[in-house]
Amino acid sequence: MEADIWPLYGLRLATPRLELRLPDDRTLAELARLASGAVHDDSEMPFSVPWTAAPPADRARGCFQHVLSTIADWRPEDWTLSLAVLHRGRVIGRQDLSSTDFAVARETHTGSWLGVEHQGRGFGTEMRAAALHLAFDGLGAHSSLSAAMTDNPRSRRVSEKLGYRPDGLLTASVLGRARTLERLRLDRADWEAHRAVPVETAGLGAAALALFGVRAPGVPDADAAAPDEPPSERTAS
């Protein structure tokens, strides 16, 4: 895909075992096929949006459409970055990072899933650590939020390892049932204290940062007039 047109296609996050990147056509098709398979036990529903309750073909199309819609609907004031997670070149899951009014709030949200055959190997911790590195180190976030069903201890363990603290309870209607979620918050100080996964970032230049609503160091505000520019000239068309 053309990173000169959409700079985020050049973004790469690398951990010791994983690579996270915006999927190209082939990778997106592989991710969609993975989404059509098992993501959790049939007796569970760990998601507040119950996308895994749909038939396999619908799950594949939904995943495909979701990733494309995040690009089509992207605004610096409201964005979701949906990254394919690869292990040894094979797609194993998806990691999302999102925010609204990031330039002001400096707060992100994470969400993720793994194919069931890739669970239980620490990948969930590693991929979220990569997203948090992007948020805090790359974008300058002050905090990041996550949420998990109270009956989903695996997600809670990942959050605890990464330094999150409890931040209240939420109630969601899921498939006609009231479900309780625990919200979790990670502030910058706790992220710094619990950093254990090395992460390398590539492709986060000024053009990519601008899409997140972040100005690169040393880059002037595009809306700022030059010191000797008369206001009437600046507004002329």
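Trp6 is buried, at a relative accessible area of 18%, which puts this residue under the 20% cut-off. The model is predicted. It holds 6 aromatic pairs.

**Trp6 and Trp74**
- The ring centres of Trp6 and Trp74 are 6.0 Å apart, with the planes at 85°.
- That angle is over 60 degrees, so the pair is edge-to-face.
- Trp6 sits in the segment before strand S1 (12-14). Trp74 sits in the loop between helix H2 (56-72) and strand S3 (78-87).
- The two positions are 68 residues apart in sequence, so the pair ties together separate parts of the chain.
- Trp74 is also buried, at 10% relative accessibility.
- Trp6 and Trp74 belong to one aromatic cluster with Trp79, Phe102 and Phe212.

**Phe136 and Trp191**
- Trp191 is buried at 5% relative accessibility, and Phe136 is buried at 1%.
- Their rings form a stacked pair, 5.0 Å centre to centre and 15° between the planes.
- Phe136 lies in helix H4 (residues 123-138) and Trp191 in helix H6 (residues 188-193).
- This pair links distant parts of the chain, 55 residues apart.

**Gly93**
- Gly93 lies in strand S4 (residues 90-100).
- Its relative accessibility is 0%, so Gly93 counts as buried.
- Beyond its neighbours within four places in sequence, Gly93 contacts Leu31, Leu34, Leu83, Ala84, Val85, Trp113 and Leu114.
- Gly93 and Phe123 are 30 residues apart in sequence, and their C-alpha atoms are 9.3 Å apart in space.

Definitions and conventions:
Residues are numbered from 1 along each chain as its sequence is written. This is a predicted model: local features need pLDDT of at least 70, side-chain atom pairs count only at pLDDT 80 or more; totals for chains, interfaces and linings use all residues. Side-chain values use heavy atoms; hydrogens and water are left out. Helices (H or I, at least four residues) and strands (E, at least two) are DSSP runs, numbered from the N terminus. Buried means under 20% relative accessible area, exposed over 50%, partly exposed in between (1.4 Å probe, protein chains only). Contact means heavy atoms within 4.5 Å. Rings of Phe, Tyr and Trp (its six-membered ring) pair if their centres lie within 6.5 Å; planes under 30 degrees apart count as stacked, over 60 as edge-to-face and the rest as tilted.
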